[in-house]
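Me: I've got a model open and I'd like to learn how to read it feature by feature. Can you walk me through it?

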Amino acid sequence: MKKLLKYLKPYRKETVISPLFKFLEAIFDLLVPIVVKLIIDQGIGTGDSGYVGWMCALLCAFAIVGLSCSLVAQYFAARAAVGFSTDLRRDLFAHIGTLSYAETDRAGVSTLITRMTGDIHQIQSAINLTLRLLLRSPIIVFGAMIMAFTVNIRGAWIFAIVIPLLAVVVFSIMLGSKPLYKRVQRNLDHVTSVTRENLGGVRVIRAFRLEKEENDRFQEANNEHNRMQNLVGSISALMNPITLLIVNGGIIVLLLLGGELVNTGDMTQGDVVALTNYMAQILVELVKFANTIFTVNKALASADRVQSVFEIPSGMQTVAETVPLDTEDAVVFRDVALTYHASSETSLSDISFRIPKGATVGIIGSTGSGKTSLVNLIPRFYDATEGTVYVNGRDVRSYCTEELRKQIAVVPQKAVLFTGTVRSNLLWGDENADEETLLSALKTAQALDFVMEKEKGLDTEVLQGGKNFSGGQRQRLTIARALVKKAPLLILDDSSSALDFATDAALRASLSALPYDPTVFIISQRTSSIRHADIILVLEDGRLVGTGTHETLLKDCEVYREIHDSQYKKGGDNA
């Protein structure tokens with residue numbers, strides 16, 4: 001938590017003003033029992049109604065001033081807490097953006113979402129309550145004890161016993177519940193993960209009629225979270241009854257002792273009422289303090305979790321530039337291997353090839369052969385565990401991430417569009433692109449016709465995830481977005497799988513005619529999509545088993561020939 005307190009520095013004024021006004025409010029609250037004592041002893045006791053009236057007016061003035069102080073404190077506490085959480089969330093989001101795919105996989109997407117939302121909200125609530133109550137409550141508790149001694153020393157010794165007992169109870173429960181709150185948050189991560197998987201795979205779940213099994217899995221995670229919540233709630237719930245028992249016991253002793261002292265003339269009736277009021281104030285403040293402690297406990301656990309994300313170092317470390325290779329090659333893989341985190345097997349091994357600038361490269365292989373893993377090494381979404389990847393003659397690790405990825409446009413396997421318009425999605429490729437560039441990219445991606453058929457054209461609304469477009473339309477729009485960038489390297493990761501053969505052929509013809517002559521990597525499951533590529537890479541179980549053109553691979557590569565033959569009927573068109 002200490003490391004996160006730097007986000008409060010811009011709000012120094014708020015963090016001073018809020019407790020200060022709470023302090024003033026507490027002072028006025030502590031004066032109230034004294035005024036009540038005076039009303040009883042000097043006003044009612046002597047029958048002076050005028051004095052009672054003035055004292056009642058003074059109580060009203062205290063109430064108005066106290067309310068004003070409270071409103072000011074609430075306002076500045078809210079400003080500090082919301083500002084803190086806004087800045088923290090912004091920096092956490094930015095840090096997550098610097099993580100490689102490997103670090104994101106290791107941390108877990110559902111965990112990162114929970115820490116961006118629920119955990120930061122817990123910290124925000126704790127800061128708000130801390131600024132408002134963490135100072136006020138001790139002031140009232142210890143102030144009430146001090147004021148009690150000014151009222152009557154013989155009756156005030158009860159406070160000296162009650163307050164230490166209350167402190168022991170509060171801090172014992174606080175220390176005992178803190179580790180349990182961490183487990184609660186971990187269980188919440190698991191519930192979020194299961195929920196995210198179910199929402200993302202709802203169609204698959206329904207297709208295989210596994211609703212009951214998935215519901216059971218969610219119930220198991222939810223019940224464990226509920227069990228832990230109940231456990232920590234039960235421990236925390238002990239706070240109120242125990243403190244009530246101690247304080248009410250103190251009040252009973254105070255009334256018994258006060259009755260005897262009033263009879264002997266050592267205490268006035270006003271003294272008894274004042275001391276009882278101070279004990280009641282302690283009770284109220286301890287309830288508030290207990291709630292604050294619970295919230296702070298949760299926040300401390302959440303702060304540790306947020307800080308642990310900040311402590312994940314970015315795997316994208318820049319290395320010293322090595323001797324550059326022949327710059328005629330756009331991409332070179334030299335003895336490259338890749339092993340994913342926590343995996344016992346390599347996903348890629350001993351991969352070596354050279355791709356000249358302007359070439360079209362087809363990548364094919366069975367499912368799980370490592371096609372996507374291979375192209376993910378080029379923009380450095382993952383770092384190779386062995387060997388070296390070169391782009392334009394330079395080791396990709398010698399580039400800063402921004403410089404490297406400016407040279408590469410990627411169309412991922414899953415077509416993702418963002419809420420907005422067709423225009424705003426295309427401008428992700430180049431925010432300064434003019435309308436002619438956007439239309440040209442749509443035409444090349446075979447998307448111009450269906451976009452311009454819409455009433456608003458480029459300004460057609462895009463719903464979250466592009467749900468108002470078909471799968472093929474989403475793929476063509478994501479290809480157009482990449483083309484707007486006009487990057488020298490274009491990677492299409494199975495991004496035409498939803499297109500029919502005619503549209504796919506037209507797309508490939510348009511890509512080959514691009515005026516800026518990019519180096520194009522096309523991952524496909526269909527040999528028809530890559531048969532005209534300059535170079536075809538054939539992968540099998542993470543190894544490169546064939547390199548060449550369509551014709552040479554049909555003769556020399558058994559894996560490629562099997563894939564090709566499986567897609568054409570015997571005696572069909574093999575040309």
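Me: Let's begin with one residue. Where is the place of D494?

Reply: D494 sits in the loop between β9 (489-493) and α17 (501-512). Those labels come from DSSP runs, numbered from the N terminus: helices are H or I runs of at least four residues, strands are E runs of at least two. Before we go on, bear in mind that this is a predicted model, where local features need pLDDT of at least 70 and side-chain atom pairs count only at pLDDT 80 or more, while totals for chains, interfaces and linings use all residues. Residues are numbered from 1 along each chain as its sequence is written, and side-chain values use heavy atoms, with hydrogens and water left out.

Me: Is D494 buried or exposed?

Reply: Buried means under 20% relative accessible area, exposed means over 50%, and partly exposed is in between (1.4 Å probe, protein chains only). The areas themselves come from the Shrake-Rupley method with that 1.4 Å probe, and for residues only the protein chains shown count as cover. D494 has a relative accessible area of 13%, so it is buried.

Me: What about the backbone of D494: what is its phi?

Reply: The phi of D494 is positive, about 50 degrees, although the residue is not a glycine. R209 is another non-glycine with a positive phi, of about 55 degrees. You'll find R209 in the loop between α7 (202-207) and α8 (211-237). At 70% relative accessibility, R209 counts as exposed.

Me: On to charges. How many salt bridges does the structure hold?

Reply: You call it a salt bridge when a side-chain nitrogen of Lys or Arg is within 4 Å of a carboxyl oxygen of Asp or Glu. The structure holds 24 of them. One joins D395 to R397, with the closest N and O atoms 2.9 Å apart. D395 is buried because its relative accessibility is 3%, while R397 is partly exposed at 26%.

Me: Which residue does D91 meet in a salt bridge?

Reply: D91 meets R90, at 3.4 Å from N to O. D91 is partly exposed, with a relative accessible area of 26%, and R90 is partly exposed too, at 49%.

Me: Why are K406 and E402 separated by about one helical turn?

Reply: Because they are four residues apart in helix α12 (residues 401-406). K406 and E402 form a salt bridge, and their closest N and O atoms are 3.9 Å apart. Both K406 and E402 are exposed.

Me: Which residues are linked in a network of salt bridges?

Reply: That network links K22, E25, D29, R136 and E285.

Me: Which residues gather in a patch of positive charge on the surface?

Reply: First, the rules. Patches are made of residues with over 30% relative accessible area and no salt bridge; like charges are joined within 9 Å, and nonpolar side chains (Val, Leu, Ile, Met, Phe, Trp, Tyr) within 5 Å. Lys and Arg count as positive, Asp and Glu as negative, with His and the chain ends not counted. The place of a charge is taken as NZ of Lys, CZ of Arg, CG of Asp or CD of Glu. Here the positive patch gathers R196, R203, K414 and K467. K467 lies in the loop between β8 (461-462) and α16 (471-485), and its relative accessible area is 63%, so it is exposed.

Me: And which residues form a negative surface patch?

Reply: D430, E431, D434 and E436 do. D430 is in the loop between α13 (422-426) and α14 (435-444). With 31% relative accessibility, D430 counts as partly exposed.

Me: Now cysteines. How many disulfides does the structure hold?

Reply: A disulfide is a covalent bond between the sulfur atoms of two cysteines. The cut-off used here is a pair of cysteine sulfur atoms within 2.5 Å. The structure holds zero disulfides. Take C69: the closest cysteine sulfur, in C60, is 16 Å from its own sulfur, too far for a bond. C69 is buried, at 6% relative accessible area, and C557 also counts as buried, at 5%.
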